[in-house]
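Okay, everyone, thanks for coming.

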Amino acid sequence: MKKRLEIIVYHLGYGGIEKAVSSFVSMFHTDYEISIVSLYKLYEKPMFPIPSDVSITYLYHSDVPLKVKKYNQLFRQKKFGAMFSAVFQDYFKKLKFVSFFHDFGVSVSIYFLNGRFRKLKRHLKTHRSDIYLSTRHEISSYLGKYGCSDSLKIGWEHNHYHGNLSYRSRVIEHSKRLNYLVLVSRNLANDYRNQMYGKAVYIPNVLDYPLSFSSDYQEKRILFVGRLEEEKGVFDAIEVAKRLQERMVSFHLDIVGDGPLREAIMKRVQDSNLSSYVTIHGFQSPEFIQELYRHASLYLMTSYTESFGLVLLEAMNASIPCIAFSSAEGACELIQNDVNGYLVEHRDMEEMVLHIELLLKHPEKLQVLGANARKFTENFLPESVKVLWAQILEERN
């Protein structure tokens, strides 16, 4: 009889954690009876593929957290007019007065009355699994307290604390009752291991499968894939495009992703007269993104922080060199300067633009870096990563 394995997530929308969950389930759904518990149901179906034999339970059938995140980002940017405009567009312009009061009540329940975790607590006390996998440290805290005492409990930390020692302390505190804490960064695993008595384990995110093609570097296209949120530094990607345009470099920037800043980013593109140089595709299927890989010459990452950067591996697997700011810590473990791409220190915009200009003007250099990039990805394929997971999942067999 298969063991039961339950994965607990915030949601099954778009994002690195959600993609990692999809890849994990793909690797193990024939070995375990897997179920997913999602705190919110943001969309009608998961954004990344989940096998049909995996059950999904939603504790809240609501997209309210997505709207709250959008308003919160505008509030933090002190764009109060834009925040009230967004609320007006979402509700009052469409005469959705009942929806406004309903969603307001749901948001109060979720965030101020701790509704999401009260429901999670109830679920953990009434459902038993042999193995639990928590994808957030807040979830891990409840899992440690209310999950079955004889179950194997594993935390899966995807975020880099980025110098925030308070966040690091919370992760350690919330994970103390777990059996393991899996880190997707080797450096993070070494860091946490000293504080967690050996519970911290390094397992990188998995590259689902090797691509059957390589870029031909002919179209001078630059690719960016990610959530359109502050931490991804998307406005810096637009600034890179602006400077390339001013230097009269031949290029086109493809931005794939969705998020609360999409409208603001589209406006920045338009105001910067970059509409013929930048295309914002929104959220797209893996097949669509693969087609962009086929024609891309360079992958651009402008994140302020990044614990792993799976999209870098996906691009490298298509023989695409990658360039990123070193503030994206995960990129520092994947990109080797002048070997498979470039890391730019201190978020030096001019240095990044110079590297991009040089590469786009010298396709022979792109080919050398691209070949090295593809070779590097071999250690992240499922057959390698699955072995690492199996070592802790099968601990109590």
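When I say buried, I mean under 20% relative accessible area, exposed is over 50%, and partly exposed is in between, using a 1.4 Å probe and protein chains only. Before the tour, some housekeeping: this is a predicted model, where local features need pLDDT of at least 70, side-chain atom pairs count only at pLDDT 80 or more, and totals for chains, interfaces and linings use all residues. Residues are numbered from 1 along each chain as its sequence is written, and side-chain values use heavy atoms, with hydrogens and water left out.

Aromatics, then. A pair of aromatic rings is described by the distance of the centres and the angle of the planes. Rings of Phe, Tyr and Trp (its six-membered ring) pair if their centres lie within 6.5 Å; planes under 30 degrees apart are stacked, over 60 edge-to-face, and the rest tilted. That rule gives 20 aromatic pairs here. Take Phe24 and Phe28: the centres are 5.0 Å apart and the planes sit at 40°, so we call that pair tilted. Both residues are in helix α1 (residues 16–28), four residues apart, or about one helical turn. Helices, by the way, are DSSP runs (H or I, at least four residues), strands are E runs of at least two, and both are numbered from the N terminus. Is Phe24 buried or exposed? Buried, at 1% relative accessibility, and Phe28 is buried as well, at 2%.

Now compare Tyr91 and Phe100: with centres 5.5 Å apart and planes at 75°, this pair is edge-to-face. Tyr91 is buried at 4%, whereas Phe100, at 21%, counts as partly exposed.

On to a lysine. Lys153 is in strand β5, and Lys153 is buried yet has no salt bridge. A salt bridge here needs a side-chain nitrogen of Lys or Arg within 4 Å of a carboxyl oxygen of Asp or Glu.

His162 has a phi near 55°, positive in a residue other than glycine, and His162 is partly exposed at 42%. His346 has a positive phi too, near 60°, and is exposed at 75%.

Methods: Lys, Arg positive; Asp, Glu negative; His and termini not counted.
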